[in-house]
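Welcome! Please take a moment to look over the sequence and the model below, and then we will walk through them together.

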Amino acid sequence: MESVALNLAVAFVKILVILGIVLGVGAYLTWVERKVAAHIQRRPGPMVVGWHGLLQPLADGLKLITKEDLFPRYGNRFLYNLAIVLALVPATLVFAVIPFGPEFEVFGYKIKPILTDVNVALLLVFGLGSLAVYAVALAGWASNSKYPLIGSMRKAGIIISYEVAITFAVMGPIILAGTLSTYQIVVNQIEQKLWYVWIQPVAFVVYMFSLLAETGRVPFDIQEAEAELVTGFTVEYGGMKFGIFPLVEWYIEVLSLSAIAVVLFFGGWSPLNIPFLGFVDPLFFLGPLSPFVWFLLKVTALFLFILWLHWTLPRYRIDQITEMAWKIMLPLALANIVFTAVIAPLIWK
Amino acid sequence: MEYIGFLMFFAVMIGIALVMISLNWLFGPKTPQEYEDYPYECGVPLYDKCAQTTFHQGYYLLGLLLLLFDIEAAFLFPWTVVYRWLGIFGFIEMFLFILILTYGLLYAWKKGALNWQFEREEF
């Protein structure tokens with residue numbers, strides 16, 4: 001009985017930590033993005049609110065909260081609000097299966113820094129990822145206005161095209177690891193002394209393209225297309241209801257998919273890898289903290305890479321995006337599966 | 001038992017989402033004006049009140065393709081997990097499956113289903 005209560009308490013603490021990461025870091029990433037974008041364009045960015053604009057996210061949040069609650073008059077109020085729930089909840093739930101580091105001991109009690117270590121974790125990730133389509137489609141449909149409908153249709157088309165490419169792309173690492181559990185995939189990479197990116201570069205490229213497409217980042221942000229669609233499916237949303245969509249799309253989903261990419265291709269919390277020989281840890285002086293720092297560093301690097309792309313590239317047209325998904329990414333991913341199946345027995349030895 | 005944490009997280013997130021929805025209603029001003037909830041269309045009066053009538057048929061085709069290939073992905077996932085213990089039999093079996101899958105893709109390609117469906121403009 002006592003252990004059940006203890007388990008629940010541990011789960012509750014983990015949920016609080018994840019919420020802190022998702023909502024706190026997620027909100028502060030808006031500041032990071034604006035700073036990075038500003039420096040790419042050779043301007044200082046937010047400087048007024050706090051030191052170098054550090055309090056800017058709080059001011060933004062306050063502004064969003066104190067806006068009037070508007071609703072487009074011909075829309076469907078239930079679906080309009082349901083879209084927000086469907087956008088926020090699945091995107092955040094993905095963090096439940098992300099392993100932040102190896103198992104550690106507190107007062108003789110073993111704790112895995114992952115909320116639910118289940119053996120179908122990756123299926124859960126992509127199942128929840130697919131739910132994003134409903135949020136987008138409903139947001140445009142329930143607004144009953146033309147620009148949101150065009151934007152949501154574009155975005156839904158892009159998501160379902162790249163959904164196929166991304167599911168086939170992740171099968172390469174799964175074949176090598178022989179499991180769907182995110183925690184076990186990292187453990188297997190450490191045992192095989194191999195980051196899977198070294199023999200799965202094709203899968204990684206397809207995965208990154210799909211990541212950019214599913215999160216609506218440049219060069220795939222045709223559903224936003226400020227110049228023609230204003231902001232796509234969020235046109236009729238205001239205040240905090242509007243704020244949720246960019247927060248979920250641009251920050252929470254990018255963070256969770258980057259973390260999954262790190263788990264699948266970059267060995268999760270493991271330090272720098274020399275293929276088949278072992279690991280080199282320049283951060284050994286951090287002791288037991290080093291795995292967590294490595295995980296954080298890798299996710300940050302991927303996130304900054306995505307920001308870099310976002311603020312330097314032009315965008316594709318919708319027909320180019322979907323044709324690329326079906327004609328280039330899908331055949332590449334299929335070929336990669338066969339290639340992986342052939343060389344996998346060499347890796348297992 | 002492993003899913004208890006997941007369900008707790010789910011409940012907490014539903015609560016947070018509902019709070020997020022009601023924040024503006026709680027803290028925002030309530031000063032109704034005549035045209036504040038008018039659907040946005042470049043500032044001109046709406047041509048028709050309902051926008052839910054038309055959308056591009058290309059998206060419908062994308063949905064069909066997704067159904068075809070995502071179901072096949074569902075068949076491949078179990079194979080990827082146990083491939084290690086299946087040996088050469090598992091390889092040949094799945095190679096044939098992927099071959100058929102590729103054939104289906106080529107068929108859709110040849111039929112022009114992968115091309116974006118442009119609307120024909122008539123003058």
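Where is the place of Asn144(A)? Asn144(A) sits in the loop between helix H5 (132–143) and H6 of chain A. Helices (H or I, at least four residues) and strands (E, at least two) are DSSP runs, numbered from the N terminus.

Before going on, a word about the model. This is a predicted model, in which local features need pLDDT of at least 70 and side-chain atom pairs count only at pLDDT 80 or more, while totals for chains, interfaces and linings use all residues. Residues are numbered from 1 along each chain as its sequence is written, and chains are lettered from A and ligands numbered from 1 in the order in which they are written.

The model scores ipTM 0.86 and pTM 0.90. For chain B the average pLDDT (the predictor's confidence in each residue, from 0 to 100) is 82, and 95% of the residues score at least 70. Among the elements of chain B, helix H2 (residues 57–86) has the lowest mean pLDDT, 84, and helix H3 (residues 88–111) has the highest, 88.

**The two chains**

Chain A contains 13 helices and four strands. Chain B has three helices and zero strands, in the pattern α-α-α along the sequence. The radius of gyration of chain B is 25 Å, well over the 14 Å that the globule rule gives for 123 residues, so chain B is more spread out than a compact globule. For chain A, a compact globule of 349 residues would have a radius of gyration near 20 Å, and its 21 Å agrees with that. Here the radius of gyration is taken over C-alpha atoms, and the globule rule is 2.2 Å times the number of residues to the power 0.38.

| Chain | Box of the C-alpha atoms |
|---|---|
| Chain A | roughly 60 × 50 × 50 Å |
| Chain B | roughly 70 × 65 × 15 Å |

Burial can be read for each chain too. A residue is buried if 20 or more other C-beta atoms lie within 10 Å of its own, exposed if 12 or fewer, and partly exposed in between, with C-beta atoms placed from the backbone. In chain A, buried residues make up 51% of the 349 residues; in chain B, 15% of the 123 residues count as buried.

**Where the chains meet**

The contact takes 66 residues from chain A and 59 residues from chain B. Two residues are in contact if their C-beta atoms, placed from the backbone, lie within 7 Å. On the side of chain A that touches chain B, the elements giving two or more residues include helix H1 (2–40), helix H11 (239–265) and helix H13 (318–348) of chain A. The residues on this side divide into 40 nonpolar, 13 polar and 13 charged. In this count, Ala, Val, Leu, Ile, Met, Phe, Trp, Tyr, Cys and Pro are nonpolar, Asp, Glu, Lys and Arg are charged, and the others, Gly among them, are polar.

Not counting residues up to four places away in sequence, Leu88(A) touches Ile244(A), Val248(A), Met13(B), Ala17(B) and Met20(B).

**Helix H9 of chain A**

Helix H9 (residues 201–214) of chain A has 14 residues and reaches 20 Å from its first C-alpha to its last, close to the 20 Å expected at 1.5 Å a residue. That expected span is 1.5 Å times one less than the number of residues. H9(A) is mostly covered, with 11 of its 14 residues buried; among them are Phe204(A), Tyr207(A) and Leu211(A). Just after H9(A), Gly216(A) takes a positive phi of about 70°.

Let us return to Asn144(A), which has a positive phi of about 55° although it is not a glycine. With 21 C-beta neighbours inside 10 Å, Asn144(A) counts as buried.

Arg42(A) also has a positive phi, near 55°, in a residue other than glycine. Arg42(A) lies in the loop between H1 and helix H2 (56–65) of chain A and is exposed, with 6 other C-beta atoms within 10 Å.

Finally, Glu103(A) is in the loop between H3 and strand E1 (104–106) of chain A. Glu103(A) counts as partly exposed, with 13 C-beta neighbours inside 10 Å.
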